[in-house]
Amino acid sequence: MGEGKAGFPGQLYGKIRHKTLNLPRLPIASPFLLNSAMSMRFLHPSPFGQLAVTLSDGYITACRWCRAAEGFAGWQEGGESPLEEYAVLADAVRRQLDEYFCRRRTEFSLPIMLEGTAFRQRVWKELCHIPYGTVLSYGALAARIGNPRAARAVAQACHFNPIAIIVPCHRIIGSDGSLTGYAAGVERKRWLLELEEALPHDILPMTLS
């Protein structure tokens, strides 16, 4: 698969390689050196439930709301605790999420890694270009990636987005203004849009800008 450069908000850039979209890592200050064999998972409180964040090889690979029955695993791989090695990145994730929930941040500057099909990569990449406080219909998003008839496939890609909030699939709604298709539940989607003061009547036109 060929390489291509893709721009993201916050002047972050990445390349698509082997169905993986990589953004540059945050600077890791010495002595916090990363071991690529390790990953960690930590919980972070939000106003609408706990978020489970997974870090791997210097990137965020997942951010999702926990189910009540789920436990907490401090780390998943490696013989030693990776907490110290991941301290800088974990602190940045916590800080930026808290700023977002307090309406002091409208854009994230964090390294992410998303794995999926080429089509889902295109959808997830385009999600990162939807501004804070704005909603877009599934059909409009399909048109933006050059496939206006793929609204249903776009909805499925949004459903399987592994990095909630930071990759803002909550900003995609039905063409009739309905809040549908959010894996974490419609009430959370409504809450996030209310937080951003984005209402259904603010749907962008279903045309390319």
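1. Strand β6 gives the most to the lining of the largest pocket, with four residues. β6 spans 59-65, and both β6 and α4 (151-159) supply at least two lining residues each. Helices (H or I, at least four residues) and strands (E, at least two) are DSSP runs, numbered from the N terminus.

2. A word on the basis: this is a predicted model, where local features need pLDDT of at least 70 and side-chain atom pairs count only at pLDDT 80 or more, while totals for chains, interfaces and linings use all residues. Residues are numbered from 1 along each chain as its sequence is written, and side-chain values use heavy atoms, with hydrogens and water left out.

3. The largest pocket holds about 350 Å³ of space. Of its 17 lining residues, Arg64, Trp65, Asn161, Ala183 and Ala184 are the closest to the centre. Here a pocket is an open set of points on a 1 Å grid over the protein atoms alone, where a 1.4 Å probe fits, with protein on both sides within 12 Å along at least five of seven lines; lining residues have an atom within 4 Å of a point. The volume is the space filled by probe spheres set on the points, which are joined across faces, edges and corners.

4. By class, the lining has 12 nonpolar, two polar and three charged residues. Ala, Val, Leu, Ile, Met, Phe, Trp, Tyr, Cys and Pro count as nonpolar, Asp, Glu, Lys and Arg as charged, and the others, Gly among them, as polar.

5. You will find zero disulfides (cysteine sulfur pairs within 2.5 Å) in the whole structure. For Cys63, the nearest cysteine sulfur is that of Cys66, 9.4 Å away.
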